[in-house]
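Hi,

Here is the structure I promised to pass on. Have a look at it first, and my notes on what turned up follow below.

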Amino acid sequence: MLTLLLVLMMTEVPGPPPLEQMELEQVLSCAGDALKCEASDWDLARELARRYDSTVLAARIQRASGAQRRVLVFALYVLPPSPEVARLMRKLSSDRDEELAYYALNYRVKLCDREALAKLVAPPYRIRAACEQWATTVSLVGQCQYMPGGSFLLSSLDHACLNVVQAAGASLRALYPDAPSSFESFDQEKAYFGTRVSRRRNR
């Protein structure tokens, strides 16, 4: 009996199948638990986006748990934009899950939705997004030519992340294409754009 017990204890428990072989529900069962399938929520999302269309993923959100909803929204975020997903993201932009709401909002910002842009640049909107992701958000303000975002971009020049600062500078140049191509100092650059933004605001 003892020998049998030792054999059972030494027998390896089979791990989960590779991510690419999992069905939708298996992938979602790993949401929020990076160790279970040795994959982050973003890894799970990219795998779902690779294999399922937006209709399937959007329909599954209605009965998903918190962590599963996040993975599904991430998957929809990386898919090519569509009107159906944009409507869903509009509903999710005020979700209680701040991270989920941010990505829903940013999805709409990628489409230059002015309502989403207004919400994103209005103080005190803050989200604990990674530097790279937040830099993408800041870049979109300029790409969408959203002039009311000037003050937001000015404040982003003081961000702790260098790529966010660079994105803010590029966005300000996109809003003011007649600006000098270079400045003698960062303070000079900030003062110049501060004056331009202030003039527009006071019109």
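Predicted model: local features only at pLDDT ≥ 70, side-chain atom pairs only at ≥ 80, totals over all residues.

Leu48 is in contact (heavy atoms within 4.5 Å) with Leu24, Val27, Leu28, Leu57, Val71, Leu72 and Ala75, leaving aside neighbours within four places in sequence. Along with Leu57 and Trp134, Leu48 touches the most other members of the largest nonpolar core, which has 66 residues. A core here is a set of buried Ala, Val, Leu, Ile, Met, Phe, Trp, Tyr and Cys residues joined through side-chain atoms within 4.5 Å.

Residues are numbered from 1 along each chain as its sequence is written, and side-chain values use heavy atoms, with hydrogens and water left out.

Now the rings. There are 12 aromatic pairs, meaning Phe, Tyr or Trp rings (six-membered ring for Trp) with centres within 6.5 Å; planes under 30 degrees apart are stacked, over 60 edge-to-face, the rest tilted. Trp42 and Phe74 are stacked, because their centres are 4.1 Å apart and their planes at 5°. Phe74 is buried at 2% relative accessibility, while Trp42 is partly exposed at 21% (buried is under 20% relative accessible area, exposed over 50%, partly exposed in between; 1.4 Å probe, protein chains only).

Trp42, Phe74, Tyr77, Tyr102, Tyr103, Trp134 and Phe152 form one aromatic cluster.

Cheers
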